[in-house]
Amino acid sequence: MDLQALAGCLASTSCAVTQASTGLIVGMLLFLVASGLSLIFGVLGVINFAHGAFYMLGAYFAFTAYAVTGSFALAIAAGALGVAVFGMVFERLFMSRVYGRDILMQLLVCYAFILILDDAVRTIWGAEYRMMGMPDAFALPPVEIAGGFIPGYYLFMIGTSFAVAVLLWLGINKTRFGKVVRAAAINPQMVAALGTNTTALYAGVFGVGSLLAGMAGALAAPIRTLTPGMGLSILIESFIVTVIGGMGSIVGAFIAAVLIGFTRSFGSIGFPLFVDGLMFGMMALVLVVKPSGLLGRPAT
Amino acid sequence: MMPRIAPAYRDVILAGAGLLALLLLPVLFPHPALRDFVVYVIAYGLLAMSLNLLVGFTGLVSFGHAAYFASGAYVFGLLMQSGQVSVPVAMLAAVGGTALLALAIGAICVRLQEIYFAFITLAFQMFIHSVILTWVGLTGGDQGLRGGIPRPPFLGIDLNDARTLYAFCVVVFVACMLVMRQIAQSPFGYTLRMIRDNPQRANFVGVNVPRVKLAIFVIASSIASVGGIVLALFVSGAYPDFAFWTTSGEAIFMIMLGGTQLFIGPLVGTVMLQALNHYVTILTEHHGIVLGSVILVFVLGLRRGLADYIHDWAMSRRIRRAAPDQREAPRDKLA
């Protein structure tokens, strides 16, 4: 515990800005993964525990696409779309068989895929740490804000994630497709009776959720080391984000993701070992006070 | 015809037979590796069996059961390292301490429903894991309890002898199994099943549902702590991994492999997972792919645990064999 260091950092603007930017990119990655998790749960009523493994796949897809083509835009596209297709296949072939069954069965199917995907990645890309490296377009001098230095890529990432958050919110709340999705979350039988192909809708929603995880992985690839099993910690954290923000709420996920991101970046100065404890403590507190989360629908 | 035996006596006889078999096992097959395997099965078996009191019998899906496994191991280890108490006293204190911990956490958790219960038990478990990692002065942090756990002889029993230690673990295990069997077959055990199947109905007939849930939460956690004690005694240490969520995940996995409906199911699952872990690691480096595929076969193919599957298969065979008689019966009536 070094609370004095934390107080010292908060007192100096340069340190506070640097840490805040780190907190924001952690938060944005978490938001992308958690919003996919939350979307899938909100509509399909299942928790995709394999979501962290999808994030890992996104990072490795981007790694390979970047190595082959040298284009970072294509790398992001490969990560996001590749994982979206994978997610839809996974939903159709495996996940759809355990809908409406015991949550333990859903958990086990996902757990099986975590084991298989981690092992597959280890076989294909190797067990050692991989680095993608910063794309040339972002090899710029860091931007100075109030004495703190922020790498250009951080700004790009924060901007991109924020744009995705806005698009996602608009897509769900302002479009016809979003309306059908929200209706299916409440009463899927009625939506099916009114002529919507809910099977395709479910696969589509699962695909969008997976796309978000894959995109997060691709965006994280330049700044994180790639390793099989890298999905585990982000799964646990995005899980906390979804619970705190409220299952099924995009805005809630955004707020909770930034909160957890800041907890991680500032907490690592003051109490590095107890960051996880604090995050889980907050999760327990939210569950006790308001089990449905900050912005979630109350459980029926 | 076999003479009818009261179920309670039958359980005691079965437990005695199991005890005898486990004690004779190392005499018949004197491999130290086999003895180690059985002790691991005992430790994790108690974790899985006690978790099934919550998952299978009460319908409470806890993702944080390993917290109490770890609490048993750490309290026991710390008390033994203090050198002030004997093994049985430390064991009782570890179980009692875990029961108090479970009472405090359970009182908060049992108010939450279904998936939220799973989340909050997970949150508390990871909180405890963090405390273990952070409180280096007491727990040794990520290195675990170092320096070994002393096993001073008591009542003429010296646990430093490997065979005595094995026998001690087996006796503790069978005693716990008997306790759990009695709980499962008692009126209290049937109240648990009623809560699982229809909590509203249970409430209507006058069951204080939260209180019964809390009671079984504390009981299951106490038995899980015995599993942790056995492991700490055997490996002579305690590690933060005991409290990590993967340990809880494995316990759930063992339950699902074996089956939730038969009393002995989770133990079958424990043996299967321990054997799988052991042999798959030896045979292939693609441990994850093999294990994952086995899970998929169970979940999507059998759709239940092995013990449940065999039980259902045996029952349907019995019904099929009895069926011709039943088909005869109505015809007789018509004639």
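Which residues in helix α8 (residues 187-197) of chain B are buried? In this predicted model, the buried residues of that helix are T191(B), L192(B) and I195(B).

## Helix α8 of chain B

An α-helix has 3.6 residues a turn, so residues three or four places apart point the same way. On the other side of α8(B), the exposed residues are P187(B), Y190(B) and D197(B).

The packing partners of the buried residues of α8(B) belong to chain B: α2 (32-58), α9 (199-204) and α10 (209-235).

## Contact between chains A and B

Across the interface, 31 residues of chain B are in contact with 29 residues of chain A. On the side of chain B that touches chain A, at least two residues each come from α5 (114-134), α11 (245-258) and α13 (287-302). The greatest contribution is that of α5(B), with 12 residues.

By residue class, this side of chain B comprises 22 nonpolar and nine polar residues, and no charged ones.

## Architecture of chain A

Chain A contains 12 helices and two strands. Read from the N terminus, the order of its elements is α-α-α-α-α-β-β-α-α-α-α-α-α-α. Chain A is as compact as a globular protein of its length, because its radius of gyration of 19 Å is close to the 19 Å that the globule rule gives for 300 residues.

Along the principal axes, the C-alpha atoms of chain A fill a box of roughly 60 × 50 × 35 Å. Of the 300 residues in chain A, 50% are buried. Among contacts in chain A with a separation of 6 or more, 76% are between residues 24 or more positions apart.

Methods
Residues numbered from 1 in each chain as written. Chains lettered and ligands numbered in written order. Predicted model: local features only at pLDDT ≥ 70, side-chain atom pairs only at ≥ 80, totals over all residues. Buried ≥ 20, exposed ≤ 12 C-beta atoms within 10 Å, placed from the backbone. Helix = DSSP H or I, 4+ residues; strand = E, 2+ residues; numbered from the N terminus. Contact = placed C-beta atoms within 7 Å. Nonpolar A, V, L, I, M, F, W, Y, C, P; charged D, E, K, R; others polar. Rg over C-alpha atoms; globule rule 2.2 N^0.38 Å.
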